[in-house]
Amino acid sequence: VVFADGRACDGGDNDGGKHDEDDDENDNKHNEVQEISAQRCRLQFTKESAEKLLQKVSVLEQKLKTEKASNRAQIQRLSAEKAGMQKSCETIQNELTVTKRQCDALQSN
């Protein structure tokens, strides 16, 4: 395991495959200590990785909130524009109806 800043965890057992039966107990203790140290390092790596991910999630959540607010504002603006356009269309339709009546009246005379 290698941290982003270059630190690395020891893999645990570094005895190079050598085995001395007279030193079994010391080797076992040494290996246990190395393994515990390696586990601590891996846990620290996992913790730091999780913290970085949580920071990224927090940034993404904030971006999402900002985008949602922006989208809501845009929807309100577009709804207002739509209402204005509908009103304009109604006005134009009313004017066309009046103009058509005037034309019909002129033609019948």
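How many disulfides does a search of the whole structure find?

Mentor: The model is a predicted one, in which local features need pLDDT of at least 70 and side-chain atom pairs count only at pLDDT 80 or more, while totals for chains, interfaces and linings use all residues. Residues are numbered from 1 along each chain as its sequence is written, and side-chain values use heavy atoms, with hydrogens and water left out.

The search of the whole structure returns 0 disulfides, a disulfide being a pair of cysteine sulfur atoms within 2.5 Å. In general, such a link is a covalent bond between the sulfur atoms of two cysteines. Cys89 has 46% relative accessibility and therefore counts as partly exposed; Cys103, at 39%, is likewise classed as partly exposed. Here buried means under 20% relative accessible area, exposed over 50%, and partly exposed in between (1.4 Å probe, protein chains only).

Of the 109 residues of the chain, 6% count as buried. Glu48, in helix α1 (residues 24–108), counts as buried because its relative accessibility is 18%. Leaving aside residues up to four places away in sequence, Glu48 touches Phe3 and Arg7, where contact means heavy atoms within 4.5 Å. Among contacts in the chain between residues at least 6 apart in sequence, 59% join residues at least 24 apart.

Methods
Helices (H or I, at least four residues) and strands (E, at least two) are DSSP runs, numbered from the N terminus.
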